[in-house]
Every structure is written in C-alpha cells, then in structure tokens.
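Here's a friendly walk through a protein model. Take a look at the sequence and the structure first, and then we'll go through some details together.

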Amino acid sequence: MFSTGPSKSPRAGKAAVTTALAVAAVLASTIPTAQATPHGGTSSRCGGRGVDSAALIRYESDVLIKAPLSTVWRLQTDVERWPSWQPPFTTAERLDPGRLKPGSRFRWTTPAPATPTTPATTLAITSTVQELRRHDCILWSGPAIGEGLRIDEGVHLWTFKKVKGGVRVHTEETWTGDQVEADVPTATAALAGGLEAWLDDLKTTAEADAGEHPRSH
C-alpha cells in the first residue's frame, strides 16, 4: 500500500519523498527492471496463494537483512508497533485478539499527497490475513480508502528465507480498482516507492535490534 507521511528523521524524509504520488510519474521511469514484475507474472506463494495475477498494477522487490529470522518476523507481524519503526504509518491497530493468523484483521493509516488528479488525503487500509506460515510467509489483502482516493483491493505477499548472512525478505503487491488503474504508471511508481521504503525500514530496524541484542541466527 501507500507508505507516505511526515518526516520524523532524515531517513523518514527520504522515504516520504520517494513514495510521494506527486513525483510518481518520474519514479515510474526509474523502477529497476529486475524488480518490476510484468503483467501476469509472479512466482512466490504462501500456502499456494499469491498476489492477483490479473492485476495491472504490481511490484516486487527483496532485500538481505543481517539479523535473525525471529527478529525480522517479530517486527513484521507485530502490527500495532509498525508506526514505531515506519515513519510513514500514522496508526496501526488489530481488529481482533490473539496471535496473527489467517482471518486476522488490522487497520492502518497513512497520508497520501495530492496529485494532478487526486487530492491529498489519509488512506485507511483494512487488511485481512489470507495465509500465514510462521517464519516463512504471510499474505494479506484489503481496500485502501481515503477522501477522493480509493484502491479497491491491495494484495500483499511477504516471504522470509534464512540464507548465509541473514534473511532474504521478498515482497510483492498488486492493486486493483478503477481509479488507480486509470493511471497505471503513476500507481505502480507509488507502490514501488512504498515497498522499497518498507524494506529499508525493516532492514534498518532489524539490523539495529540484532546489534543491540546479538543472538545466533
């Protein structure tokens, strides 16, 4: 989903600028071709399920995080703490109790800046976990709705794999909806910026945590 918001640090400012829809058309021409998935192509799965194969708007990327898998997984699945390490997220709340599992729902918010065709707004994103395999993968989906801006459904997949030197984290997301599909390059660039910022924040936070609390991988 969109990951935009006020700067709280130099790194946060970079993330906000990168993900701003106002410059998304420029970003569209600079998305690394190795990371942008063509329409209809995807290979990653969680419990046999993946992102929307028919979606026009899609992006994928990955990063190596030099931290224990348990640390990376804890950060990613402790939804209510997302705003503490992801400056673009203004709120995040669980909508049901207990450990995150298939069927769990959560709601989070993030500002979206104005574009030539949409106003500045705050998106409220309500996500439902579709698949989850502990320390392996998680898939969630749901709409993002703001005043004057709507994504009918975003489908977001994360996979985690222990490798030499840390954890390889891979993420893919697709968006569908008439409004975002009216300008696929701009929407794709916004999605790309949000996912890259998320990976950067996850890597920075997990590696800092691992440095403060060293443990075996």
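Is D96 buried, partly exposed or exposed? One thing to keep in mind before answering: this is a predicted model. D96 has a relative accessible area of 23%. Buried would need a value under 20%, and exposed a value over 50%. D96 therefore counts as partly exposed.

**Around D96**

To find D96, go to the loop that links strand 2 (91–94) with strand 3 (105–112). Leaving aside residues up to four places away in sequence, D96 touches G103, S104 and R105.

| Pair | What is compared | Distance |
|---|---|---|
| D96 and R94 | polar contact between the side chains | 3.0 Å |
| D96 and R105 | D96 side chain to the backbone nitrogen of R105 | 2.9 Å |
| D96 and F106 | C-alpha to C-alpha | 7.6 Å |

D96 and F106 are 10 residues apart in sequence.

**Stepping back to the whole chain**

The protein chain has six helices and seven strands. Going along the sequence, they come in the pattern α-α-β-α-α-β-β-β-β-β-β-α-α. Of the 217 residues in the chain, 50% are buried. If you take the contacts with a separation of 6 or more, 59% of them are between residues 24 or more positions apart.

**Helix 3 meets helix 6**

Now for a pair of helices. Two packed helices are described by the angle between their axes and the distance between the axes. For helix 3 (residues 69–77) and helix 6 (residues 184–212), the axes come within 10 Å and cross at roughly 130°. Helix 3 and helix 6 are therefore oblique to each other, and their crossing is right-handed.

Who does the touching? From helix 3, it's T71, V72, R74, L75 and Q76, and they meet W198, L202, T205, A206 and D209 of helix 6. Sorted by class, this contact has five nonpolar, three polar and two charged residues.

How much of helix 3 is covered? Mostly, it turns out: seven of the nine residues in helix 3 are buried. The buried ones are L69, T71, V72, W73, L75, Q76 and T77.

Note on methods
Residues numbered from 1 in each chain as written. Predicted model: local features only at pLDDT ≥ 70, side-chain atom pairs only at ≥ 80, totals over all residues. Heavy atoms only, no water. Helix = DSSP H or I, 4+ residues; strand = E, 2+ residues; numbered from the N terminus. Buried < 20%, exposed > 50% of the residue type's maximum accessible area, 1.4 Å probe, protein only. Contact = heavy atoms within 4.5 Å. Polar contact = N/O pair within 3.5 Å; in protein donor to acceptor, adjacent residues only side chain to side chain. Axes fitted to C-alpha atoms, helices over the stretch in contact; angles between N-to-C directions. Parallel < 35°, antiparallel > 145°, perpendicular 65-115°, else oblique. Left-handed = near helix turned anticlockwise from the far one by under 90°. Nonpolar A, V, L, I, M, F, W, Y, C, P; charged D, E, K, R; others polar.
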